[in-house]
Amino acid sequence: MDERDGDWWRHGIFYQVYPRSFQDSNGDGVGDIRGIIERLPYLTRLGVDAIWLSPVFPSPMADFGYDISDYTGVDPLFGTMEDFDELIVAAHDAGLKLILDLVPNHTSDQHPWFIEARSSRENSKRDWYIWRDPASDGGPPNNWLSEFGGPAWTYDDASSQYYYHAFLAEQPDLNWRNPEVRQAIYDVMRFWLGKGIDGFRVDVIWHLIKDAEFRDNPPNLHYLEGRPPHERILTQYSTDQPEVHTVITEMRRVTEEFDNRVLIGEVYLPLHRLVAYYGNDLRGAQMPFNFALLSTLWSARSVETIIADYEKALPIGAWPNWVLGNHDRPRVASRVGAEQARIAAMLLLTLRGTPTLYYGDEIGMRQVPIAPNQVRDPFEKNVPGIGAGRDGCRTPMQWSAEAYGGFSASTPWLPLAHDFAHDNVVNLEADRGSILNLYKELIALRRGLPELVSGSYEPAVAQGDILLYRRRGEDGVVVIALNFGGQPAEITSSAIGFSNEILLSTLMDRQGEKVEGVLDLRPNEGVILGSPRV
Ligand code: GLC
């Protein structure tokens, strides 16, 4: 990749590393920075362009690093600042960009800022967090709920006020209406950008500003039994406030003090609200994560609708992006099944927009069942038994059939999948038709075909389980036909539009096959068609 190319994040493929689970280098059962350095050659072989690293900063680990007690350090569990500096150099030398997680909505309750703020109502940092008097009955100031169960307010005996936390009580929310807070976090951004990182994925960016009057949230009349309890109320006043966009514009300005950096936002909102996070005149996040594929019903028509709605909702000039998995949601291979996971891969890597892969999805890792005594995730601990737990998608990367999957020399912090001796990188790299080799071929094809990177998206009419679309570039057209069903299907060439050949099948055995008249798809098969390439 050209270092001077300011568009790298449009052309590139992102890969999320959950550091606790990628590679342990010191045998303590938890992944670390040196482990990531060791595995960079794997990522270059895979062909991705950028790594997004979940938090490696000092943290009491109440929420596994999303509770930060020092924004400009490295937790000893993950290594040292020297290790981190080495990672930046090694990643860049390998042609990989490095994106860090910025968690500005809340700190740990052990962060010195909160310790000061909590010490007295008069403390100069008091207003850095969100403190309110009790309601008239002595209870919480309003009805807002924590996303991890229970009220979002915790009473502080010493100062007789409540503080707000959208997540755990150990994760007090910062007060983003306070200008000093903003400057402090912008300085944190400058610290890491100055070290040479290539951008940030900003945690829960749509949460940053809350209603100035702290009004009660309305009830959710469509709450579904069995869903997490915080969904009983809507988040009308606690998230997605108009003023948040000013903050994001400021963050973007900070990234633009440096060359060619990217600002990615974590935003779980309906598409029409999500696209506002591009900001006025696209001065917001360059990539507000599009999570629509994480929760869709897995059918050709649902996915077709999502793509159409998203393409239509995008502001002019806004660049799309797509995500299939992350450390908070069940693994794609478990959501859609092993066979459809290949369709999902082809979809992700042929849609218009930057794809983000979640570590292990490329080897088809599934949700790992977690026994009650092995649960680590605070969400599952607080709200047990409804399937909210996130441990199952955070299990150690399956590198080989060696003990502990080649991940660690000792018992890992979360159990490995029972089938790791079979489903691991070594085996799958050697198996020509494996999902890993499919990912590699898809990535290589995407690199080689400008249509797939910057071509337009054109839906084509198809019925039943078939999703059909074209990517049209300056020099050609590529057709993608995906069979979301378990039955064979037939597509006529009038639907495909021209005669051409199969560049890649998800089953990896039809490359070069000429298609004239009719395209037959096997159950759960997807193909990419184009003019023969030299
Ligand atoms: C984001 C993170 C999640 C974390 C939460 C609170 O959603 O992705 O892992 O628990 O924020 O920081």
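## Domain layout

The protein splits into domain 1 (8-107 + 179-441), domain 2 (112-164) and domain 3 (456-530). These bounds come from an automatic or database domain assignment. The model is predicted: local features need pLDDT of at least 70, side-chain atom pairs count only at pLDDT 80 or more, and totals for chains, interfaces and linings use all residues. Residues are numbered from 1 along each chain as its sequence is written, and side-chain values use heavy atoms, with hydrogens and water left out.

## Domain 1 against domain 2

The C-alpha centres of domain 1 and domain 2 are 29 Å apart. Domain 1 brings 25 residues to the contact and domain 2 brings 18 residues. Contact here means heavy atoms within 4.5 Å.

Interface size is often quoted as the accessible area lost when the parts come together. Domain 1 and domain 2 bury about 1900 Å² between them. Of that area, 65% is on carbon and sulfur atoms. Buried area is the accessible area (1.4 Å probe) that two parts lose on being put together, summed over both.

## Polar and charged pairs

By class, the side of domain 1 that touches domain 2 has ten nonpolar, seven polar and eight charged residues. Asp, Glu, Lys and Arg count as charged, and Gly is among the polar residues.

## Ligand surroundings

There are 14 residues around the ligand (a heavy atom within 4 Å). D63, H106, D203, E266 and D328 come nearest.

Polar side-chain atoms also reach ligand oxygens. One of D203 lies 2.9 Å from an oxygen atom of the ligand. For H327 the distance is 2.9 Å. For R390 it is 2.9 Å.

Notes. Polar contact = N/O pair within 3.5 Å; in protein donor to acceptor, adjacent residues only side chain to side chain.
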